[in-house]
Each structure stands twice: as structure tokens, then as C-alpha cells.
2 protein chains.
Amino acid sequence: MRAEKALVEGEVWHGGDLATAKALFPEAPEPWIDLSTGINPIPYPVPALPLSLWQRLPGKAEEAALLEAARKAYRVAAGAGLVAAPGTQILIEALPRIAGEGPVAVLGPTYAEHALSWRKAGASVREIATPDDAGDAPVVVLVNPNNPDGRVIGREALASLARRLAERGGLLIIDEAFVDFTPRDSLIPELPPSTLVLRSFGKTYGLAGLRLGFAVAEPRLTDALRTALGPWSVAGPALHVGALALADRAWLDAAARARAADAIRLDTLLAPHGRIVGGTALYRLLATPDASALFAHLGRNGIYARRFQNDASWLRFGLPGDEPAWVRLGEALASFVPARHGAA
Amino acid sequence: MRAEKALVEGEVWHGGDLATAKALFPEAPEPWIDLSTGINPIPYPVPALPLSLWQRLPGKAEEAALLEAARKAYRVAAGAGLVAAPGTQILIEALPRIAGEGPVAVLGPTYAEHALSWRKAGASVREIATPDDAGDAPVVVLVNPNNPDGRVIGREALASLARRLAERGGLLIIDEAFVDFTPRDSLIPELPPSTLVLRSFGKTYGLAGLRLGFAVAEPRLTDALRTALGPWSVAGPALHVGALALADRAWLDAAARARAADAIRLDTLLAPHGRIVGGTALYRLLATPDASALFAHLGRNGIYARRFQNDASWLRFGLPGDEPAWVRLGEALASFVPARHGAA
């Protein structure tokens, strides 16, 4: 099967690269419907950008405005540190350099780049199933809500874990990439000691190409990240659009309601095809023994879902962005006949 | 004097942050004329950007197109490695992590972030006056043409230095941020062993807010930089605009001619005020014992020049971007009366 071509050992799979999908299914109808990411398909409207944002080095005043908007949006306490970066990914890459040598316990399965970044830095990484399995690891990483299954660890359990880590001079790293629509789950407003929280801009606001992410932690840690990035790491347009969007609470509230309704609609389409493991309002995770065949069937119909290396029975679906995409997804799912049951 | 407020010990000065100038000279007429950087004031025209560039994660195909355009523009040999980053600065920050522990010899005075980055990483850094002073330092850093004085080290001298470094397993780092208009000075086409060259996009193309830079070296080193940055480090709009601009040889040639003429016009204005040490077609360096008073006089006229911590007699001037700015600069320079000669 063509789809198997992408199964290269050792390569980390990601969604979002349509060129891969097109190479796997060259005969698929266009336009492709990319459901392989958890990026909001209805983006925050990008305003007309003054040319000066492109021309000039990003200024201290623009960065300060972005950080002020992020502090309010994320409810960062006055004493906590906050640093902006060109995407959360580059913060994930920098963390092993500022947060010790590990060993690291990663609550999984989850977004693969956390473990990879630590391993690249030479740290020993162990995947754990629950926070209680962390043992005496000095660094614990978890994604909350989790990607891809949407599991949410409660704030009290996280605060307790953070306290245990603080007692042994460790660090709890929480990636809140998908918490914007359920801010009550964020640990930022009452940040425990020895805790660093990552926030992503591009997913909720549908502007992943902009590259903007944040870390919140005690100032010692955010200062170290800022030093590692150096000056002007965030582009001028990202500073500007980020500050506008993060101050726009009405947009966020409306997007949260609309995407929650979309997620229910998606569940209705997916439910006949397997078990919906969970997800967030930006993606849903389906478990089915027919995952590989369903992935290929959708691919032949120009619809790109997300497979997983660690569990071949999983498929993750982002949200269609318009009515034609919903209709095509519905028709493609309805026309799927699992091979093992024989053709109708 | 108000201007002295910015003289904070230990802070690295940069041009380009107009908020600093406005704070120093709050009564200055608007609009400010920012001559504090070496950024081309006539930018490459930013095309209308497809919304997908903002929405989607930067794709492998877009990154490949940018790298292909950069390979041609910079004349990178087939076997050499090339990596793109969100600005050269973040590569400068990453170099100490991939290029050993030093000690480092930096040909200076030059752009301060090179020495700072190595010092932040714990390396011993020594400023040298000529390449022959490098001694047995395993890492040598130089900016060519140099910022701020425009000094150019010839390709043969650099190749010889690179050979000496290769013999002892060292690395020559050449920052060619200002070589685009004089490509014959670039070491990239005949890259010696143990040599890494940095290229900046934003200065020549007048789009410093975009954040785009490159490193060329043997693949082992560029792979290490790519790994340090992680995926999606360059924003979608930067991939797109960078690929277009780097392929536009006609624009580059016309810009080189126009800026060279501008630089001569600037020299004519500056010459009565001191000695023109040198520069490139994007900036000129003036040496005068009246530098501090001239900086303040220009500031009160809403014109922001670049001072230097290491030499109080230096002022660097970027190019005015339009005729009104040229006229205001000419008038401000003409009305300057050095205090030590008394008022007229």
C-alpha cells in the first residue's frame, strides 16, 4: 500500500505537511482537506500589517505590548516570568539546556517532540502512564489537555506533583498548547513552584505559520530562555498580530463556542467507525482496528487524517473548515467499507 | 545630558529600537528618521500573502523552495550544508553549542552579539585586531565586510586562516551579513574546510522584521544547527517572501547600484564633520571627537544615529529612505556647531 511508504523508522510523524499527503495519494481529488493537525481552521483575522512591521527589527515596545496582552490573556501572576518565542517548538528545544540533565519522565503517549528534544540533549527519557509513576525523576513533562487523547490532569493533582518536584529541586513542565478554550484547566494563574508552562498561539488562533509561543515560570527560568533565544527572536508581524488577538476576548469566546459545536458534529460523523477516545475542541481521536484502511480510504478521497507511530489503531481528526469540507468528510466516511468485513 | 541615560553598564547597544531614541529625545520632531541600523530603507516589495502562509505550519515544500533559492543566490556548492533560521541572531546563539568550548578569538571591534553569545555559553573570548593574532584559538569569528567599519578580509587570507584552523580541528565563523551587494567577497562558493558562513536576509532586503537568516557549512554542522532549532522554526511568510526575493537577481542588482549611490551621497554630507572610517553601501562610519554632541544634536532633530560603547568617537549612519529624510539630515548636519569651538 502506498500509504506505507511514509513509515520510515526513526522519523517523527507530524500532521500539517500536505506535501506528504499528496505524495502518498497522488491521484486524490483536489483541494485536499487537511485534518491532520489540531489547528483551528477558522483563523483570527489577520489585519492589514503596516510595512514597518516587516522592515524594522522587532522593537522593545512591540514586544512589551505582546507580553502585556499575554499576561492578561493567560492570567500570569505579577511575580511570574513570561517569555515569547517564535513558536513553542523552539522553547521545547531549549528546555533541556536550562532545566538540567534529567532523567525525564514524560506522561504519554503524547506529542513526540518533548521526549525527542530531551533525548537529543542526551537525557534519559521514560514514558509514564500516570503522574504517580514519575518516581524520583527530577523533570516531569506532560501535555494538558493531552494531545492526542484530550486527557486532562486536574489542577490539584498537578500542584501536588509540582510540590513533590520542588522538594527535590526538580521541574514540572506542562505544555498547555490546547488549553485556550478551557482556561479553567490552566495552571498558570496559580503557578506552583518549580513549574514551567508552555502556551501556543498558532493552534487556537489558527495562525500556525506565524510562529509564536510562550513560557511562564519563575523569572530565573524565563530569563534563561530569553537569553538562549537572544534578541529579536519573534518577528514583527507576530508581535503585532499576537498582541491584537490575545487582547480580543470576544473572538476567543465565540471561537470556543463554535469549535465545541464543530467537535460534537465531528464526533457524530466518527462514532459509527470506532471508539472516540477523546480530544479537545480542535481535534478528536478515533480508535479502530480499521485505522490503516480508513486512513488510506480518506487519503484517496483527498482527506488527510493523522496516524500515529505508537498506536496503529489511532486516527486523529482536526475540524473541517467549511461546509464543503464537512460534506466531503461525511461522504467519505459513509462510503468506507472495512476490508475485513468484505465488500458490500 | 539626556542622551547619557542610555549608558547602562553591561547592556549591549543596538540600533533599530526607535522607542529608545524617543525616550532620549522626547521633544524631537516627528517622524523620526532612524539611521541607527544598516537595514536597507527601500525594502523588497512584500507581495500579497496567501492566508495559508499564516494558517498552516510551515511546510517541507516551502522550506525546500527557500533553501533552493538561497543555494542559487549564495552560490552554495552541491556538497555544502545550508540551514535556514528565524534570523541570523538565533544561529549566533546556537553556535557555541555546536562548535565546541572555545577559547574564541573575535576579530574586532565588531557586532557585539558574537562575543556575547560565546561568553554566555561560558567560553573565553579574546578580541583580536588581525587574523594573524588568532594564535591557537580553536574558534575564530569575524564579520566580513565588518560592521561597523566595513573592513574586508580578502578571500585568500580567509582561506589560509581556515586551513590553519582545520589543521587543529577548529572552526572559522564568518558573518557575511553585509556581503550581498559585493558577492565577490563571499567565501561561500569556494567554502574552505572548517568554515561556517552566516548570511542575513533582512538587512539587504530591508525586511528585518521578517526574521530570516542562514548558515552554510559542512553538513555535519548545518545538521546540528537544524536539530537545535527543531522543526518549523522559520515562519510561513518568511519562507515565501525569502524564496521570492532571493530568486530576484534584477532587484538585487538594482538595489546594489542605488544604495551605492546613496552611500556616496551620505559620505558627502558626513565628510565635513569628521573622518569617514569606512562602511558598506548600507551604512557609513564617522569618527569625530564631537560624536557625542553630534549624536545629541541629531537626536534633538529627530534623527537617530548609532553610537558605540567601545569607541565614543564613532557614529554610524544608515541610509535615509526618501528625499525628505535626506533633506532633514542635510539640514541637521549643516546646523551642527561643535561646542568646543564655541557658538558662531
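In chain A, A:Arg199 has A:Phe214, a residue of S8(A), as its bridge partner. The model is predicted: local features need pLDDT of at least 70, side-chain atom pairs count only at pLDDT 80 or more, and totals for chains, interfaces and linings use all residues; side-chain values use heavy atoms, with hydrogens and water left out. Residues are numbered from 1 along each chain as its sequence is written, while chains are lettered from A and ligands numbered from 1 in the order in which they are written.

**Sheet of chain A**

- Strands S7 (residues 195-200) and S8 (residues 213-217) of chain A run antiparallel and are joined by 4 bridges; strands are DSSP runs of E of at least two residues, and helices runs of H or I of at least four, numbered from the N terminus.
- An open sheet of 7 strands in chain A has the order S2-S8-S7-S6-S5-S3-S4, with mixed pairing; two strands pair if DSSP finds at least two bridges between them.
- At the edges are S2 (81-85) and S4 (125-128) of chain A, each of which pairs on one side only.
- On average, neighbouring strands of this sheet are turned by 20° against each other, direction ignored.
- Helix H7 (residues 219-229) of chain A packs on the sheet and touches S2, S6 (171-175), S7 and S8 of chain A; its direction makes about 25° with that of S2(A). Axes are lines fitted to C-alpha atoms, for helices over the stretch in contact, and angles run from 0 to 180 degrees between N-to-C directions.

**Relation of the copies**

- Chain A is superposed on chain B by a rotation of 180° with 0.0 Å of shift along its axis (RMSD 0.0 Å), by least squares on the C-alpha atoms of residues with pLDDT of at least 70 in both.
- That is the relation of a two-fold axis.
- The same surface serves both copies, as 100% of the contact residues of chain A recur in chain B; contact means heavy atoms within 4.5 Å.

**Nonpolar cores**

- The largest nonpolar core has 164 residues, and A:Phe214, A:Phe317, B:Phe214 and B:Phe317 have the most contacts inside it. Such a core is a set of buried (under 20% relative accessible area) Ala, Val, Leu, Ile, Met, Phe, Trp, Tyr and Cys residues joined through side-chain atoms within 4.5 Å.
- Another core, of 64 residues, lies apart from it and includes A:Ala94 and B:Leu196.

**Loop residue B:Pro29**

- B:Pro29 lies in the loop between helix H1 (18-24) and strand S1 (33-34) of chain B.
- Beyond its neighbours within four places in sequence, B:Pro29 is in contact with B:Arg300, B:Asn301, B:Gly302 and B:Arg328.

Technical notes. Buried < 20%, exposed > 50% of the residue type's maximum accessible area, 1.4 Å probe, protein only.
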